[in-house]
Amino acid sequence: RDRPEFELDDLLARATDRPDLRALAAEIEQADADVRLGGAQRWPALTLGLAWEREGTSEIGLGLVGLTIPLFDHGQGLRDESRARSHRLRGEYGALQRVVAVEVQTAYSVYRGTAAAAEELEQNALPLLDENEALVHRGYESGQLGLSELLLLRHEVIGTRLEYLARLLDA
């Protein structure tokens with residue numbers, strides 16, 4: 001009978017931590033990082049290095065310097081593709097947030113309805129069931145009711161109790 005109490009605002013706040021939302025947020029971060037990478041490809045890249053070479057019995061150390069100048073590929077393809085992907089993913093993220101909010105609100109409404117049904121049975125039906133069962137038992141012992149009537153009434157009492165338990169389970 002002890003049902004947990006939920007607040008809709010808390011449930012909505014906790015729903016933002018779903019794995020599918022976190023995965024989409026990570027994809028958005030990756031797309032944004034690709035945009036920044038494409039922007040960095042506009043600039044020349046300087047590389048430095050060292051090499052050792054052996055010629056005969058002597059070893060020679062070489063210093064290497066390289067400079068790539070982006071004449072044709074400035075990272076514009078990567079930037080444009082990443083911006084488009086980021087824009088699409090942000091739209092998907094917003095849509096998924098709205099779907100999650102609707103799912104949580106619907107589940108909360110169903111919970112409140114089933115909890116209210118269980119409370120209604122608990123307050124109005126269960127006390128009367130105990131009283132009716134006692135009256136039926138007394139009526140059977142005094143001979144006013146036959147066995148079939150006793151069993152039929154007990155069947156109805158058990159059916160109502162099962163309905164109550166089903167409402168509790170649903171809630």
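The protein has a radius of gyration of 37 Å, whereas a compact globule of 171 residues would have one near 16 Å. That radius is taken over C-alpha atoms, and the globule rule is 2.2 Å times the number of residues to the power 0.38. This is a predicted model: local features need pLDDT of at least 70, side-chain atom pairs count only at pLDDT 80 or more, and totals for chains, interfaces and linings use all residues. Residues are numbered from 1 along each chain as its sequence is written, and side-chain values use heavy atoms, with hydrogens and water left out.

**Overall architecture**

- The C-alpha trace spans about 120 × 45 × 25 Å along the principal axes of the protein.
- Four helices and two strands make up the elements of the protein. Both kinds are DSSP runs numbered from the N terminus: helices are H or I with at least four residues, strands are E with at least two.
- Read from the N terminus on, the order is α-α-β-β-α-α.
- Buried residues account for 21% of the 171 residues. Buried means under 20% relative accessible area, exposed means over 50%, and partly exposed is in between (1.4 Å probe, protein chains only).
- Of the contacts between residues at least 6 apart in sequence, 72% join residues at least 24 apart. Contact means heavy atoms within 4.5 Å.

**Packing of α1 on α3**

- Two packed helices are described by the angle between their axes and the distance between the axes.
- Helix α1 covers residues 8-15 and helix α3 covers residues 76-142. They pack at an angle of about 145 degrees, with axes 10 Å apart.
- Axes are lines fitted to C-alpha atoms, for helices over the stretch in contact; angles run from 0 to 180 degrees between N-to-C directions.
- The α1 and α3 crossing is right-handed. A crossing is right-handed if the near helix is turned clockwise from the far one by less than a right angle, and left-handed if anticlockwise.
- Helix α1 contributes Leu8, Leu11, Leu12 and Ala15 to the contact. Helix α3 contributes Val100, Ala101, Val104, Gln105 and Tyr108.
- The contact residues divide into eight nonpolar, one polar and no charged. Here Ala, Val, Leu, Ile, Met, Phe, Trp, Tyr, Cys and Pro count as nonpolar; Asp, Glu, Lys and Arg count as charged; the others, Gly among them, count as polar.

**Residues of helix α2**

- Aspartate 34 sits in helix α2, which runs over residues 19-40. Aspartate 34 counts as buried because its relative accessible area is 18%.
- The side chains of aspartate 34 and arginine 85 are joined by a polar contact of 2.6 Å. A polar contact is a pair of N or O atoms within 3.5 Å; within protein, one must be able to donate a hydrogen and the other to accept it, and residues adjacent in sequence count only if both atoms are side-chain atoms.
- Leaving out residues up to four places away in sequence, aspartate 34 touches Leu78, Ser82 and Arg85.
- Alanine 31 also belongs to helix α2. It is buried, with a relative accessible area of 0%.
- Beyond its neighbours within four places in sequence, alanine 31 contacts Ser82, Arg85, Ser86 and Leu89.
- Alanine 31 and arginine 79 are 48 residues apart in sequence, yet their C-alpha atoms are 9.1 Å apart.
- Arginine 22 lies in helix α2 and is partly exposed at 45% relative accessibility. Its C-alpha is 9.4 Å from that of tyrosine 93, 71 residues apart in sequence.

**Residues of helix α3**

- Serine 86 is in helix α3. It is buried, at 5% relative accessible area.
- Serine 86 touches Ile28, Ala31 and Asp32, not counting residues up to four places away in sequence.
- Leucine 78 is in helix α3. At 25% relative accessibility, leucine 78 is partly exposed.
- With residues up to four places away in sequence left out, leucine 78 touches Asp34, Leu37, Gly38 and Gln41.
- Arginine 83 is in helix α3 and counts as partly exposed at 46% relative accessibility.
- Arginine 83 and valine 110 are 27 residues apart in sequence, and 41 Å apart C-alpha to C-alpha.
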